[in-house]
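Student: Could you walk me through reading a structure, one feature at a time? I would like the general idea and then the case at hand.

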Amino acid sequence: MAAPLVLRDVHLPGAPSWWPLAPGWWALIAAIAIVSLAAYLWHRRRTRRRREIEHVFDHTLAQAATPAAEVAAISELLRRAARRRDRDADRLQGQQWLEFLDRGSKRQDFAAGSGRLLLDGGYRRQVDAAQAAALREIARRRFLQWMGVR
């Protein structure tokens with residue numbers, strides 16, 4: 001007679017170790033690192049470019065000796081920036097120029113607001129400093145927008 005078989009319960013293998021990671025996890029970690037680095041570099045470059053463009057605007061206006069010279073400098077900066085929108089924009093005159101400056105905005109800051117100073121402010125002997133400051137504010141916003149930093 002044969003000896004009785006001793007039956008034992010099924011033993012499941014232990015759970016796999018989490019370390020070392022599977023290749024898919026390494027690929028995911030690398031992709032996240034690359035995307036994070038790219039986002040950081042893009043943000044840093046955009047911030048640096050914004051500071052440089054703000055510096056160009058502010059430095060140019062700081063060199064203006066009078067409010068009339070400041071208005072003339074603002075006009076020149078806006079005309080240069082307008083060429084990024086339309087290559088013939090710097091040739092516009094009068095009301096057409098002011099309407100072009102307001103294009104894309106819900107407000108009429110240039111055609112009906114303090115931006116009207118651009119029409120003749122650069123040619124006046126005396127320009128009110130408060131008017132020049134109001135123009136500087138809206139012109140700076142438009143300049144930064146057209147230069148692609150806002």
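Student: Is Asp109 buried or exposed?

Tutor: Asp109 counts as buried because its relative accessibility is 18%. Buried means under 20% relative accessible area, exposed means over 50%, and partly exposed lies in between, with a 1.4 Å probe and protein chains only. Before we go on: this is a predicted model, in which local features need pLDDT of at least 70 and side-chain atom pairs count only at pLDDT 80 or more, while totals for chains, interfaces and linings use all residues. Residues are numbered from 1 along each chain as its sequence is written, and side-chain values use heavy atoms, with hydrogens and water left out.

Student: Where is Asp109 placed, and what does Asp109 touch?

Tutor: Asp109 sits in the loop between helix 3 and helix 4. Helices here are DSSP runs of H or I with at least four residues, numbered from the N terminus. Leaving aside residues up to four places away in sequence, Asp109 touches Asp102, Ser114, Gly115, Ile138 and Arg141; contact means heavy atoms within 4.5 Å. With Arg141 there is also a side-chain polar contact of 3.5 Å. That term means a pair of N or O atoms within 3.5 Å; within protein, one must be able to donate a hydrogen and the other to accept it, and residues adjacent in sequence count only if both atoms are side-chain atoms.

Student: How do I read the packing of two helices?

Tutor: Two packed helices are described by the angle between their axes and the distance between the axes. Axes are lines fitted to C-alpha atoms, for helices over the stretch in contact, and angles run from 0 to 180 degrees between N-to-C directions. Take helix 1 (residues 23–62) and helix 5 (residues 129–146): their axes come within 11 Å and cross at roughly 145°. On the helix 1 side the contact is made by Arg50, Ile53, Glu54, Phe57, Asp58 and Leu61, and on the helix 5 side by Arg136, Ala139, Arg140, Phe143 and Leu144. These residues divide into 6 nonpolar, no polar and 5 charged. For that count, Ala, Val, Leu, Ile, Met, Phe, Trp, Tyr, Cys and Pro are nonpolar, Asp, Glu, Lys and Arg are charged, and the others, Gly among them, are polar.

Student: Which residues of helix 1 are buried?

Tutor: An α-helix has 3.6 residues a turn, so residues three or four places apart point the same way. In helix 1 the buried residues are Ile53, Glu54, Phe57 and Leu61, and they pack against helix 2 and helix 5. Helix 1 has 40 residues and reaches 58 Å from its first C-alpha to its last, close to the 58 Å expected. The expected span is 1.5 Å times one less than the number of residues.

Student: What angle do helix 2 and helix 3 make?

Tutor: Helix 2 and helix 3 pack at about 65°, with their axes 12 Å apart. Leu78, Arg79 and Ala82 of helix 2 meet Trp97, Phe100 and Leu101 of helix 3. That contact divides into 5 nonpolar, no polar and 1 charged.

Student: What covers the buried residues of these two helices?

Tutor: For helix 2 (residues 67–82), the buried residues include Val71, Ile74, Leu77 and Leu78, and what covers the buried residues includes helix 1, helix 3, helix 4 and helix 5. In helix 3, Trp97, Leu98, Phe100, Leu101 and Asp102 are buried, with helix 2, helix 4 and helix 5 among what covers them.

Student: And the loop between helix 2 and helix 3?

Tutor: Asp86 is found there. Asp86 is partly exposed because its relative accessible area is 32%. Its C-alpha is separated by 9.8 Å from that of Phe100, 14 residues apart along the chain.

Student: What should I look for in the backbone?

Tutor: Most residues other than glycine have a negative phi, and most peptide bonds are trans. A cis peptide bond joins Trp19 and Pro20, with omega about 0°, and Pro20 lies in the segment before helix 1.
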